[in-house]
Every structure is written in structure tokens, then in C-alpha cells.
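Please read them with the structure open.

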Amino acid sequence: MRSSENALEVDQLTRVFDVSSPWLNRMIERKPKRYLRAVQDVTFTVQKGRCLALVGESGCGKSTVARLVTGLYDPTEGAIVFAPARKGLRIGRPMEAQMIFQDPHASLNPRWRVGDIVAEPIREFGLRDTAEEVDVRVADLLKIVGLSPDDSRRYPHEFSGGQRQRISIARALASEPEFLVCDEPTSALDVSVQAQILNLMRSLQDELGLTYLFISHNLAVVRHMADRIAVMYLGRIVEEADTEALFGDPQHPYTQLLLQTIPDVAAPNRDRELMGGEPPSPLDPPKGCAFHPRCPLAADICSREAPPSRDRHGGGVVACHMAPST
Ligand code: SF4
């Protein structure tokens with residue numbers, strides 16, 4: 001049963017990184033400090049049991065949002081508020097988000113057996129009392145993700161990429177989270193394996209009542225997973241709407257360009273070039289609307305004034321001077 005309560009509320013989130021050269025170099029070269037606004041005034045909510053996807057090109061800030069939500073980075077400004085937890089030993093405390101990373105090879109300790117990798121969060125949170133109970137839970141988790149309990153004795157390098165991502169999912173589920181942040185979880189996998197992992201994640205969401213924040217550059221993947229989509233460009237959300245509304249009636253020119261890049265059915269491995277060239281550097285974003293140098297609809301106002309985020313015709317929000325009025 002899906003609920004309309006919010007699991008996560010993110011309000012006016014901003015993250016600035018100091019990317020200056022070392023002090024001595026700056027003094028010699030007489031250069032000022034440099035700051036990168038990776039995320040700027042990002043606001044969204046994720047309803048319980050739903051999946052919100054953040055999409056955009058590399059460098060748009062979506063992975064920084066993922067790391068802010070999971071506490072790997074602190075915000076420079078803004079708020080991240082989780083609903084109270086209802087499961088496990090954390091009842092009454094705020095929900096905690098577990099993260100599934102893009103590259104399971106890098107996120108699994110190669111020297112540990114799979115059983116220990118999956119058991120670590122169970123032991124850390126004290127979720128089972130005895131070693132036997134931990135073993136039973138690890139076996140259950142491996143079965144839930146489509147692996148065998150016997151796999152607990154093996155090492156990560158003995159598995160394929162898709163199987164390693166299943167191990168990552170089992171480990172993420174081990175701490176009994178209600179919220180998962182999935183950062184490009186299938187982009188390192190073959191297309192056929194991608195579909196299996198996405199199907200697994202969808203069925204786990206339904207069975208366990210999980211809420212997802214799903215990060216991807218691939219709108220085809222996102223359409224399969226998300227109830228709602230937020231499109232990011234140079235650190236800001238430029239359009240957000242329910243998935244079918246966004247696909248049926250994209251109103252921001254950048255969303256329209258992204259939709260044109262969805263891979264061909266005939267050549268699914270080949271990502272199409274995004275029309276309009278490369279995105280500008282987030283270190284030196286264009287004035288006005290940051291998308292104006294690439295935008296086919298750009299007018300004079302676009303290089304002068306940043307478009308405010310406003311209600312989108314048909315529901316959601318959009319930030320574009322030329323978007324249809326509500
Ligand atoms: Fe294009 Fe102007 Fe809209 Fe920006 S505000 S997306 S430049 S039309």
C-alpha cells in the first residue's frame with residue numbers, strides 16, 4: 001500500500017566546495033579563492049513508498065545531493081528532514097538512508113567474504129543477538145536478492161558485476177532501512193543485467209515498502225523506476241513532475257533535449273550525443289539562465305535573468321521563462 005506521507009523533505013539545499021589552489025600558489029599567481037556551487041537551492045520531497053529520480057548529465061549535482069542526503073557531505077545551507085523511523089531498533093528516531101553505489105566492485109571490501117560484508121551492519125546495529133541468528137539473517141538476505149546462502153563463503157571477485165550489485169543491495173538491506181539512495185546503481189552493468197537489477201529493486205520496494213531516491217543520467221532507466229522525476233542542470237532543479245507527465249509533456253528545453261538522448265532500441269548500448277554541446281563549467285556558470293548558451297529557445301531575457309521556479313502546467317515545477325503558463 002502506498003502512502004502519501006513524506007519520507008524525506010529537502011528544503012533550499014545548497015552545497016559549496018572550496019576548490020581553490022593551495023595558499024602559496026594563489027599568492028604567487030595572485031589568484032582569488034574559487035568556489036564551486038555544486039548544488040543550489042534544491043527543494044523536493046519524496047513520499048513514503050515512492051521513488052523520486054534525480055536525472056541530469058555528469059556534473060549537474062545529482063550525486064552531490066545523494067551524498068548530502070546520506071550524510072556523507074554536510075549542507076552549506078538548507079535542510080534535510082527525514083520522517084521518524086518505523087522499523088528496526090530505530091523506531092521514533094529519524095529514518096536513515098542507506099546508499100547503493102554505482103560500482104559494486106569499489107564499494108565491497110575485496111578481502112572480506114560475502115557473509116561478513118552482509119553481516120557487518122547487522123552486528124554494528126545489534127539487530128540480532130547471537131552468531132547463529134546473524135547467519136540466518138545473512139542467508140535470508142542473500143535469498144531475497146536472488147543469491148544462494150552458500151555464496152556467503154565466497155569473495156566479491158568470484159561474482160559477476162550484476163551479482164556484486166546484488167551483494168551490495170543485500171548489505172544495504174541488512175540494516176533494515178526504509179530509505180535507499182541509489183546512485184547510478186546499474187550504469188556499470190550490461191543492458192540485460194541492468195533490467196534484472198532494476199526489476200529486483202522494484203520488487204524489493206513493493207515487498208519491503210522501501211522509499212527510493214534514484215540517481216541516474218539515463219531517462220530510460222528512470223522511466224522504469226520512478227514515480228516522479230526531477231531534472232537537474234548545473235546544480236539546480238529545472239523541472240520536476242510525475243514520470244508520465246514529464247515524458248508526455250516535457251516543458252523545459254533541457255528536459256526535451258534529454259528525452260532526445262534516450263538510447264535507440266536498435267543500439268541500446270550507444271548513448272546518443274546530447275544536442276547543444278557540452279554543459280558549461282559549474283565553476284563559472286553562465287549569467288541568467290545557466291542553460292541559455294545551449295538552449296534553442298533562448299531570448300534576450302534568458303541571458304539577463306535567472307528564471308524562477310514556478311508551478312508547471314499539468315503539475316510539478318519548472319524554471320524557464322518560456323514554459324507555458326499555468
Ligand atoms: Fe531556454 Fe530561456 Fe528557458 Fe533558459 S529560460 S531554458 S534559456 S528558454
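1. Which backbone oxygen lies 3.5 Å from a polar atom of the side chain of Gln 205? In this predicted model, that oxygen belongs to Arg 50. The Gln 205 side chain also reaches the backbone oxygen of Gly 49, at 3.2 Å.

2. Gln 205 is part of helix α7, which spans residues 191–208. Its relative accessibility is 2%, so Gln 205 counts as buried, the cut-off being under 20%. The side chain that contacts the backbone oxygens of Gly 49 and Arg 50 therefore belongs to a buried residue.

3. Helix α10 covers residues 253–260, and six of its eight residues are buried, so the helix is largely enclosed by the rest of the structure. The buried ones are Pro 253, Tyr 254, Thr 255, Leu 257, Leu 258 and Leu 259.

4. What do the buried residues of α10 pack against? Their partners include three strands: β3 (51–55), β8 (228–233) and β9 (236–242). Helices α8 (219–225) and α9 (243–248) are also packed against them.

5. The largest cavity holds about 80 Å³. It is lined by 14 residues, and the closest to its centre are Cys 289, Cys 295, Cys 302, Cys 320 and His 321.

6. How many charged residues does the lining of the largest cavity have? There are none; by class, eleven lining residues are nonpolar and three are polar.

Key: Residues are numbered from 1 along each chain as its sequence is written. This is a predicted model: local features need pLDDT of at least 70, side-chain atom pairs count only at pLDDT 80 or more; totals for chains, interfaces and linings use all residues. Side-chain values use heavy atoms; hydrogens and water are left out. Helices (H or I, at least four residues) and strands (E, at least two) are DSSP runs, numbered from the N terminus. Buried means under 20% relative accessible area, exposed over 50%, partly exposed in between (1.4 Å probe, protein chains only). A polar contact is a pair of N or O atoms within 3.5 Å; within protein, one must be able to donate a hydrogen and the other to accept it, and residues adjacent in sequence count only if both atoms are side-chain atoms. Contact means heavy atoms within 4.5 Å. On a 1 Å grid over the protein atoms alone, a cavity is a set of points where a 1.4 Å probe fits but cannot get out, and a pocket is an open set with protein on both sides within 12 Å along at least five of seven lines; lining residues have an atom within 4 Å of a point. Grid points are joined across faces, edges and corners, and a volume is the space filled by probe spheres set on the points. Ala, Val, Leu, Ile, Met, Phe, Trp, Tyr, Cys and Pro count as nonpolar, Asp, Glu, Lys and Arg as charged, and the others, Gly among them, as polar.
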